[in-house]
Each structure stands twice: as C-alpha cells, then as structure tokens.
Amino acid sequence: MVDTVIHLVRHGAVHNPELVRYGRLPGFHLSERGRTQTEAAARWLRGRDRTIDAIVSSPLDRAVETAQIIAALAGGTVEIDERLIEASSQFDGLHKTAFLSPQHWARLRNPLRPSWGEPYAQVAMRMRVAIELARAAHPGGVVVIVSHQSPIWIARRAYESAGPPWLVPMRCAPGSITTLHFARTRFAGETYWHP
C-alpha cells in the first residue's frame, strides 16, 4: 500500500499592524507577504508527484484564505474542521508583549499545562482526531491540513512522542509545511519545508 501523507500547512503571515495577539479572534487576514508565502507553499505542493485528495482548514479567516489559495493553485476543494482552530489563550486581543507586564505574570505560572490557555494535551488530542479522520478517509492519499503554529507544532511533537512542545525551539514558520508520513498504520516520520 502507498504511504499516506498529511501536509500540515501553517497559514501565511497576517496583516497585523497593531501587533495584537490575534489567536482565535475573527477578522485577521493574510498580508501580501502571507499571500506570497501561501502561493509558494501551493506551488511546492503542486510540484509533488501525487495529487491532493483533500484540503481541510481551520475556520479562522487566515487559515481559510490559505486553504483557498492552495486549492486554486494546487487543486482541490476546502473543507472546514473546527478541531484545527488555534489554541485558546488568555492573551488573545492583547499586545504581543503583554506577557512582559507584571499584571499578567500570574497567567504564566504553569508552562506545563499551560496555565494561560488550552492544555497541550487537549490540543494534541483534537489535532490527532482530525489527522486520523483524514487518514481514514483517504488511505494511501495526500491530505493538506491548514492550521496554526501551536496546533501544528503540538501535533508533530505528539506523533513523535517527543514530550512537551516547549522543550525545543519551534519550527513552524508562516506558510511552512510540516509533512507527516504514515506507512500503513504506523507514523514513519516527518519532513519540513518553508518558503
């Protein structure tokens, strides 16, 4: 049987001149740079020797826009899966440097959970469910999943059984593709590409 391939695509860069931690907030769209990154990712995906069987996206604007660009350039239609949404955070809507203010330090008391938002284990579980459903629907196929930095990194670390996601520097640039390879029912490794 041909290996199943799951491409985890992080959305492109976002137009955010106010430097807001946008997290799950609506109304944040791709910047011109983000569109360029996404087009490069779509060309990379189109250049593979296998066609895309499905494109599944987080419901957030920037992810849907990324998925639509990929669908237009590399083929396919976009499905939405709520499980692919960004991890929740108490810092959503605040300036990117808000965590440096002493008034917010109490939220940072437990990086193992984390105390400021959705537990890593919960993010890993919902991402794995979405990935496994995609694998089951397209055995031996190629699926593109568009999500966000934290969920992609946490999912990758979970498949590698590598421990908490914050133990190593995060490798998940805007417009990047983290590819999970599955040989039959077994996770067989990952590769990474970025524009």
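Student: How many of the seven residues of strand β5 (residues 177-183) are buried?
Tutor: Five of the seven are buried, so β5 is largely enclosed by the rest of the structure. Buried means under 20% relative accessible area, exposed over 50%, and partly exposed in between, with a 1.4 Å probe and protein chains only. Strands here are DSSP runs of E with at least two residues, helices are runs of H or I with at least four, and both are numbered from the N terminus. Bear in mind that this is a predicted model: local features need pLDDT of at least 70, side-chain atom pairs count only at pLDDT 80 or more, and totals for chains, interfaces and linings use all residues. Residues are numbered from 1 along each chain as its sequence is written, and side-chain values use heavy atoms, leaving out hydrogens and water.

Student: Which way do β5 and strand β6 (residues 186-193) run, parallel or antiparallel?
Tutor: Antiparallel, joined by seven bridges. Two strands count as paired if DSSP finds at least two bridges between them. Ala-183 has Arg-186 in β6 as its bridge partner. The two strands form a hairpin with two residues between them, and Arg-184 in the turn has a positive phi of about 55°.

Student: And what about β5 and strand β1 (residues 4-10)?
Tutor: Six bridges join them, again in the antiparallel sense. Ile-6 is partnered with Leu-180 in β5.

Student: What is the strand order in the sheet?
Tutor: It is an open sheet of six strands, β3-β2-β4-β1-β5-β6, with mixed pairing. β3 and β6 are the edge strands, each pairing on one side only.

Student: What does β2 pair with?
Tutor: Four bridges join β2 to strand β4 (residues 142-147) in parallel, with Val-146 as the bridge partner of Ser-57. β2 also pairs in the parallel sense with strand β3 (residues 78-80), over three bridges, and Ile-55 stands opposite Val-78 there.

Student: One last topic: Gln-37 in helix α1 (residues 32-46). Buried or exposed?
Tutor: Gln-37 counts as buried, because its relative accessibility is 10%.

Student: What is Gln-37 in contact with, leaving aside neighbours within four places in sequence?
Tutor: Gly-12, Ala-13, Pro-174, Gly-175 and Pro-195, where contact means heavy atoms within 4.5 Å.
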